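This briefing summarises selected features of the structure shown below.

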Amino acid sequence: MKRKLNQDDEPPAADAAAVAEPEKKKEKKEKKEKKVVVEEEKELSFAELGLDPRLVQAVAKLGFEKPTLVQRRAIPLALKGEDVLCKAKTGSGKTAAYVLPVLQGVLGRKKTDSTPHTAGLILVPTRELADQVHKAIEEFSAFCAKDITAAKLTENVSDAVQRSLLANVPDVVVSTPARAWKSVDSGALSLSQLQYLVLDEADLVLSYGYDEDMENLSRSMPKGVQTTMMSATLLSAELDTLKGIFCRNPTLLDLNEEFGDEDEKLTQYYVRCGEDDKWLISYLIFKLQLIKGPCLIFVADIDRSYRLKLFFEQFSIRSCILNSELPVNTRIKVIEEFNRGIYDIIIASDERSEVFGDEKEEETKGEEEEGEGEKKKKTNKGGRKGKRDEEYGVSRGIDFKNVAAVVNFDLPTSASSYTHRIGRTARAGRTGIALSFVIPKELFGKHKPTSIKSCERDEKVLAKIVRAQGKMNRKLEPYNFSKEQMEAFRYRMNDALRAVTKVAIREARTRELRQELLRSETLKRYFEENPAELSHLRHDGELGHKARQQAHLKHVPDYLLPKEAKKEITKGSVGFVPFKKVDKDKKHKGKFGGKGKGRSFKVGGGRKGDPLKTFKVRRKK
Ligand SMILES: Nc1ncnc2c1ncn2[C@@H]1O[C@H](COP(=O)(O)OP(=O)(O)OP(=O)(O)O)[C@@H](O)[C@H]1O
């Protein structure tokens with residue numbers, strides 16, 4: 001925050017001599033503070049932050065013209081050797097803010113000391129995030145030749161492969177705490193000469209059931225390791241815990257407070273509606289393309305994600321699924337391909353509350369208590385279930401590119417989950433929309449087939465979300481759909497819902513899993529040899545073998561569309577949404593402009609060239 005100098009505090013003349021000395025000091029201090037302001041206004045370049053020219057060259061290649069606020073503030077502190085605890089909004093560029101100083105440190109050491117040792121450890125809560133951070137390190141060190149090596153420990157490889165990876169003594173290691181500790185414990189990774197420790201999504205790293213691993217790791221590190229911790233949502237109690245474990249005397253940067261109205265690029269809406277209405281509205285939004293561009297839909301659990309996908313398939317709306325059951329390679333590839341513009345819709349199950357069922361209440365309670373008392377330390381060890389990957393997560397830290405909208409089909413159970421989910425859009429200064437469905441208390445449980453337990457507290461959670469967003473100078477606005485016009489589509493929605501039975505969901509879930517496992521393992525080698533062919537493996541194909549197919553639902557007949565012009569949901573469009581599509585090119589695009597146009601995906605040679613086709617045939621034999 002830019003500080004104003006107070007010029008009204010002139011001391012009385014008689015006291016002037018007595019205060020002369022402190023005054024001088026005060027002036028000096030004020031000058032110093034002023035300098036900070038001037039520097040801020042000047043908006044230093046990456047080079048002016050004191051970074052190595054090779055790193056500056058790399059960020060330039062990535063198209064980063066100037067450092068973001070968090071980079072301007074955190075990088076100089078880290079370069080000075082200070083511990084930093086930083087709270088800055090989602091998508092504000094925290095990755096570069098902590099990676100660049102670590103790389104700079106490694107480069108600096110290599111000038112005088114060429115003995116190999118792991119100098120930097122970056123801990124993240126999920127494997128998806130580890131993959132992303134590892135890629136960022138590779139990009140930022142693109143001009144450092146072989147001076148910087150990095151490894152991630154989150155791949156599905158055997159212990160032997162992991163060992164050989166670490167035998168090369170990478171300068172920087174990216175991992176989840178559990179995998180880092182496993183490697184340290186087995187002797188494959190040595191932290192004895194560690195200089196830099198980073199905890200990204202620091203609050204989650206601690207609350208994910210990693211506390212024991214973190215304590216073990218902290219005991220394996222030398223004293224005086226420089227520590228940086230980042231998150232968009234750090235509570236004061238969490239900060240205290242983190243400080244207690246790792247930091248000497250950290251500098252706290254709370255940049256969320258410096259974020260003004262005028263910087264806001266995210267528009268947030270919520271829709272209060274019945275349990276079945278959200279299926280109806282979602283059908284209309286996506287069939288009539290009221291939201292344009294790539295979209296992320298969050299649902300409460302895995303079954304729900306398949307249900308929504310199968311429901312959409314009834315209307316020929318294509319989507320991909322992300323959940324913790326899918327192999328990590330598939331998950332990472334879906335994210336990559338979404339970022340390349342291959343898919344329009346991802347349905348992600350945000351299972352943190354499902355996997356750590358017991359924690360859910362505690363988390364919400366903790367937020368209620370925020371500011372009043374200590375947030376309880378979470379213990380998640382007991383809550384883990386089934387074969388799901390405990391290190392799965394896509395609402396935290398993942399840099400989905402160009403997401404036009406985040407739809408909270410099911411509202412999360414806490415305000416901080418909401419902040420991270422909606423943070424997948426409006427990143428890096430872009431605009432975006434968040435739309436959340438909220439089930440009012442009086443409508444909860446009224447439509448049994450679509451009712452889920454987590455929505456019972458929607459109203460309470462919404463109140464917390466509004467408060468938490470308010471603290472960041474953000475607001476949510478109500479969005480109303482015209483009930484009358486929606487009604488015309490209700491019977492189609494009911495037809496589709498009826499076709500998506502529990503059996504169909506179970507079958508789709510098993511089938512998808514089997515298929516992805518097979519693709520992931522069997523085809524791995526083939527695609528390693530033929531990387532260009534990877535794009536043949538689409539993840540938004542149809543699952544609906546068992547779901548009754550109803551051709552009439554695939555199109556929207558003219559008579560159903562109201563006369564008013566169709567308007568897409570955009571910033572500032574609060575209130576009534578008429579549905580008719582105005583599209584001059586309608587004739588050329590098919591009656592209702594079907595999915596896939598604009599972001600069309602074409603693989604060389606169509607189905608003929610699709611290796612999966614042959615693969616499938618072989619499997620059937
Ligand atoms: N200085 C910059 N100029 C332009 N783009 C940038 C700059 N710094 C980062 N970006 C881009 O901004 C996007 C968001 O960055 P990043 O993922 O580091 O955000 P974050 O603050 O870590 O978000 P989250 O809280 O969700 O983890 C990325 O696509 C990144 O490439």
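This is a predicted model: local features need pLDDT of at least 70, side-chain atom pairs count only at pLDDT 80 or more; totals for chains, interfaces and linings use all residues.

**Strand pairing and selected contacts**

V407 has L435 of strand 13 as its bridge partner.

**Strands around strand 12**

- Strand 12 (residues 405-408) directs A405 and V407 one way and V406 and N408 the other way, and all are buried.
- In a regular strand, side chains alternate between the two faces of the sheet.
- Strand 9 (residues 295-299) runs parallel to strand 12 and is joined to it by four bridges; C295 stands opposite A405.
- Strand 13 (residues 432-438) also pairs with strand 12 in the parallel sense, over four bridges.
- Together with helix 16 (residues 415-422), strands 12 and 13 make a right-handed β-α-β unit.

**Helix 17**

- Helix 17 (residues 458-471) has 14 residues and should span 20 Å at 1.5 Å a residue, which agrees with the 20 Å between its end C-alpha atoms.
- Its buried residues are D458, V461, L462, K464, I465 and Q469.
- Viewed down the axis of helix 17, these buried residues fall within an arc of 165°, so they line one face of the helix.
- K460, R467 and K471, on the other side of helix 17, are exposed.
- N473 follows helix 17 and has a positive phi, near 60°.

**Salt bridges**

- The structure holds 28 salt bridges.
- Side chains of opposite charge can pair when their charged atoms come close.
- R54 and D147 meet through their side chains at 3.1 Å, N to O; R54 is in helix 2 (residues 53-61) and D147 in the loop between helix 5 and strand 3, 93 residues apart.
- R54 is partly exposed, with a relative accessible area of 23%, and D147 is likewise partly exposed, at 30%.
- R396 and E201 form a salt bridge at 2.8 Å, N to O. R396 lies in the loop between helix 15 and strand 12, and E201 in the loop between strand 5 and helix 8, so the pair ties together parts that are 195 residues apart in sequence.
- R396 is buried, with a relative accessible area of 8%, and E201 counts as buried at 5%.
- K333 and E337 meet in a salt bridge of 3.0 Å, N to O; being four residues apart in helix 13 (residues 328-339), they are separated by about one helical turn. Both K333 and E337 are buried.

**Annotated segment**

- An unreviewed UniProt entry places the "short sequence motif: Q motif" feature at residues 44-72.
- Residues 44-72 are 45% helix and 0% strand, with end C-alpha atoms 7 Å apart.

Conventions
Residues are numbered from 1 along each chain as its sequence is written. Side-chain values use heavy atoms; hydrogens and water are left out. Helices (H or I, at least four residues) and strands (E, at least two) are DSSP runs, numbered from the N terminus. The expected span of a helix is 1.5 Å times one less than its number of residues. Buried means under 20% relative accessible area, exposed over 50%, partly exposed in between (1.4 Å probe, protein chains only). The arc is that of the directions from the helix axis to the C-beta atoms. UniProt positions are given in the numbering used here, feature names are shortened, and annotations may be inferred rather than shown by experiment. Two strands pair if DSSP finds at least two bridges between them. A crossover is right-handed if, with the strands pointing away from the viewer, the path from the first strand over the helix to the second runs clockwise. A salt bridge is a side-chain nitrogen of Lys or Arg within 4 Å of a carboxyl oxygen of Asp or Glu.
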